[in-house]
Amino acid sequence: QVQLVESGGGLVQTGGSLRLSCAASGRVFSINAMAWYRQAPGKDRELVAVITSGGSTNYADSVKGRSTISRDNAKNTVYLQMDSLKPEDTAVYYCNAHIMSVDYSYSNYWGQGTQVTVSS
């Protein structure tokens with residue numbers, strides 16, 4: 001069994017910053033790509049940022065220049081630093097990871113989501 005547990009969401013004013021964390025635990029052998037998605041009310045879930053096992057990153061245009069994704073492979077953890085937050089960043093943020101379990105099977109895992117609310 002593998003779990004992804006997110007933390008770091010909350011309420012922040014426009015222009016503020018938040019750092020989200022997501023830790024993988026359980027029967028983890030290795031982790032490939034890790035990513036953050038978000039879903040605002042009434043909208044589809046969208047990719048925010050992704051980081052490969054080698055550290056290459058890609059961002060949605062809407063957060064490029066304001067967000068930084070990083071990972072600590074020793075801790076099986078991915079982070080999302082979000083700066084200059086805007087009300088339109090308000091959403092539930094989900095962690096996603098492509099993980100090889102100790103039985104050498106790959107699966108795609110999702111965290112439970114963490115709410116980010118940016119007040120105007």
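This is a predicted model: local features need pLDDT of at least 70, side-chain atom pairs count only at pLDDT 80 or more; totals for chains, interfaces and linings use all residues.
**View 1. The open sheet of four strands, in the order β1-β3-β8-β7.** The strands of this sheet pair in the antiparallel sense. Its edge strands are β1 and β7, each of which pairs on one side only, and the twist from one strand to the next averages 15 degrees. Strands of a sheet pair through backbone hydrogen bonds, and this pairing may be either parallel or antiparallel.

**View 2. The pairing of β1 with β3.** Strand β1 covers residues 2-7, while strand β3 covers residues 18-26.

**View 3. The pairing of β3 with β8.** Six bridges join β3 to strand β8, which spans residues 77-82, and the two strands run antiparallel. Leu18 stands opposite Met82 of β8, and Arg19 has Gln81 of β8 as its bridge partner.

**View 4. The hairpin of β7 and β8.** Strand β7, residues 67-72, runs antiparallel to β8 and is joined to it by six bridges; within this pairing, Ile69 has Leu80 as its bridge partner in β8. Four residues lie between the strands of the hairpin, where Asn76 takes a positive phi near 50 degrees.

**View 5. The two faces of edge strand β7.** Ser67, Ile69 and Arg71 make up the covered face of β7, whereas Thr68, Ser70 and Asp72 make up the uncovered one. In a regular strand the side chains alternate between the two faces of the sheet.

**View 6. Glu6, a buried residue without a salt bridge.** Glu6 lies in strand β1, and the nearest side chain of opposite charge, that of Arg45, is 7.7 Å away. The side chain of Glu6 is instead placed beside backbone nitrogens: a polar atom of this side chain lies 2.5 Å from the backbone nitrogen of Cys95, and the side chain also reaches the backbone nitrogen of Gln112 at 3.1 Å. Leaving aside neighbours within four places in sequence, the residues in contact with Glu6 include Ser21, Cys22, Trp36, Tyr93 and Tyr94, together with Gly111, Gly113 and Thr114.

Key:
Residues are numbered from 1 along each chain as its sequence is written. Side-chain values use heavy atoms; hydrogens and water are left out. Buried means under 20% relative accessible area, exposed over 50%, partly exposed in between (1.4 Å probe, protein chains only). Lys and Arg count as positive and Asp and Glu as negative; His and the chain ends are not counted. A salt bridge is a side-chain nitrogen of Lys or Arg within 4 Å of a carboxyl oxygen of Asp or Glu. A polar contact is a pair of N or O atoms within 3.5 Å; within protein, one must be able to donate a hydrogen and the other to accept it, and residues adjacent in sequence count only if both atoms are side-chain atoms. Contact means heavy atoms within 4.5 Å. Two strands pair if DSSP finds at least two bridges between them. Axes are lines fitted to C-alpha atoms, for helices over the stretch in contact, and angles run from 0 to 180 degrees between N-to-C directions.
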